[in-house]
Amino acid sequence: MTISPAWAERPSRAGGLVKGIVLTLIVACVLFPIYMVVLTSLSTQETVSEAGGLVTVPGELSFAAYAELFSGGVVTRSVMVSLGVTLVGTAISLTVTVLAAYGLSRPGSLLHKPMLFLILLTFLFGPGLIPNYLLVSSLGLIDTYWSLILPGAVTAFNLVVMRAFFMNIPEEVSDSARIDGASEFHILRKIVLPMSKGVTAVIGLFYAVGYWNSFFNAVLYLNDNAKWPLQVVLRQYVLQGRSLFSGQTGNVTVVGQALPPSLAIQMAIVVVALLPVLFVYPFVQRHFTKGVIIGAVKG
Amino acid sequence: MNTGPAGDLTSPAGTGTTKDDGKRGARTSRSSRGPLPARLRRDWQLLLMTLPAIGLLVVFHYVPLLGNVIAFQDYSPYVGFVDSAWVGLSNFQWLMLDESFWDATLNTLSITTFQLVFYFPVPIMLAVLLDSVVRPRLRLFIQGIVYMPHFFSWVLVVTLFQQMFGGAGLLSQTLRDHGYSGFDLMTNPDTFLVLVTAETIWKDAGWGTIIFLAALAAINQNLYEAAAVDGASRWRRLWHITLPGLRPVIILLLILRLGEALNVGFEQFFLQRDAVGRDAAEVLDTFVYWRTLLTGEWSYGAAAGLVKGLVGLILILVANKVAHRFGEQGIYKRS
């Protein structure tokens, strides 16, 4: 079912083979680590110690690592934190971005130019780490979840992409509603947004992924480990290999209980960090080119 | 930063206009003239909609921008901006004499250079390869896979690399099983450049293809047909049609990348600084972090951040000028 044009000669066998191998390798490079991590997280103690590291060949499967992680304690708590921050943050960011993108999508409107200029100018010069920190701390946001949400709540790039998309919607569509007396809010909700589902989904994903992955802001602004989001936990217990269960109140493991292998637990944390992205991604992915490129192109 | 390249994607022949105001003006009835009260009555809803975003940007971007004054002070959080003593440029003088600052600068620049040579061409090659996959379903599938790592956090990426190439990682393990000595790529300062570039490629090369795929899709298919009829081989078509078609995008992204030379990213280096050591992994961003938040030398850190920001600004402006010289749009329009 190739749709190669009539004038193109059929690819040579060797050429096609080489291309196939290269593409398979590329795809494998992405998928293989994920496969091994997932498999290890699902393996029993014996399988893991037999493999002496990551498990490549499926042995006996076990959900013990996940049961351990979600029995309350550090990881459970951090997942809740990350989920909460992601949901609240994405809702705020998307709302603010959609509103502003629409508000700025009518050139000629009052103050349209200076406001757009103010937004575009943020591309050029960042305030720097220290002034940001001082601001967040003087607003009293240190050790609050707002410190993960508010400083990056609006991304100028996302706003510009969205605005460009809205500008591509023919004015006549909304004008007819305007003549019927619809308010701008109404037009945005009933006409513009339904026509922009793809780009909204993509920008929403960008924001959500940003919040889910937020790591550095948490390191900067959260001193209280009880508030750590998942990425910080991932760094502590997996990357730096600190012990997950020692000295953690509220997570006392019964001595002598058959613990799931620690590597399996570590990999289970990795999978938990990975999962939402893997889960949401396929639904949004098909909009990438359409939503973003077309948006960015007109920016 | 990614807004620019596009201009010429829509109008490869330079026909279409991307100046939205001009284009809009032709078909919109919204006038930018008229008495203020009337315009306010007409546009207050739009203004109201834009306010939250502007508010957030002012508070979290423009206000901290002013906070940079502490670079000229001997700032103490207990005294505040207003009462901290002014010290002129002495923080900057110290900075210029600080060897570790120059080490961080050198590291940043060598990482930028290395990535420019070894990372930059990868998305282009990958895009050409992906573009040659003609079965739509297969192509969408592969694209979906290669875009994906872009959405993983740096912690995750570094963790995965550690599991593959670390001392207890898969590769080392396999080598040991076969009688070779294991190694630890994750803690070796000498190969750090290779490591971070490999990580960047794994994470972002796929995502980087999007812009090139769009450019490839904009190339007139008739050119290929005509060339094929004239007897041009696949490689000649690649050389004489595909690459020239990509040229504007390549040049533009290259220029923009140069404008971002001091921004190599924070988290990737922050995460690996302990493992490979300061000498290899300290970049300007991590320098500011470690020098300030751990020692409380706020003013010094702010000075370092300000220098980086200013040099970055100059680089962007210069890059944009160059982009305009090449007839491209740059990140902002020439007005």
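Is Leu135(A) buried or exposed? I looked this up at the start. Leu135(A) has 10% relative accessibility, so it counts as buried. Buried means under 20% relative accessible area, exposed means over 50%, and partly exposed is in between, with a 1.4 Å probe and protein chains only.

**Ground rules.** I noted that this is a predicted model, where local features need pLDDT of at least 70, side-chain atom pairs count only at pLDDT 80 or more, and totals for chains, interfaces and linings use all residues. Residues are numbered from 1 along each chain as its sequence is written, chains are lettered from A and ligands numbered from 1 in the order in which they are written, and side-chain values use heavy atoms, leaving out hydrogens and water.

**Entry: Leu135(A) and its helix.** I found Leu135(A) in helix H6 of chain A, residues 129-138. Helices here are DSSP runs (H or I, at least four residues), as are strands (E, at least two), numbered from the N terminus. Next I asked what Leu135(A) touches beyond its neighbours within four places in sequence. Its contacts are Val59(B), Phe60(B), Val63(B) and Pro64(B). Contact means heavy atoms within 4.5 Å. I also checked Pro58(A): it is 77 residues from Leu135(A) in sequence and 51 Å away in space, C-alpha to C-alpha.

Then I looked at the whole of H6(A). Seven of its ten residues are buried, so H6(A) is largely enclosed by the rest of the structure. Among the buried ones are Leu129(A), Tyr133(A) and Val136(A). The buried residues pack against H7 (146-149) and H12 (216-221) of chain A. They also pack against H3 (36-66), H15 (284-293) and H16 (298-325) of chain B. Just after H6(A), I noted a positive phi of about 75 degrees at Gly140(A).

**Entry: two helices of chain B.** I turned to H8(B), residues 154-165, and H13(B), residues 267-276. They pack at an angle of about 45 degrees, with axes 9 Å apart. Axes are lines fitted to C-alpha atoms, for helices over the stretch in contact, and angles run from 0 to 180 degrees between N-to-C directions. H8(B) and H13(B) are therefore oblique to each other. Angles under 35 degrees count as roughly parallel, over 145 as roughly antiparallel, 65 to 115 as roughly perpendicular and the rest as oblique.

Which residues of H8(B) meet H13(B)? I found Trp154(B), Val155(B) and Val158(B). Across from them, in H13(B), are Glu267(B), Gln268(B), Leu271(B) and Gln272(B).

**Entry: Gln268(B).** At 3% relative accessibility, Gln268(B) counts as buried. Not counting residues up to four places away in sequence, Gln268(B) touches Trp154(B), Val196(B), Glu199(B) and Thr200(B).
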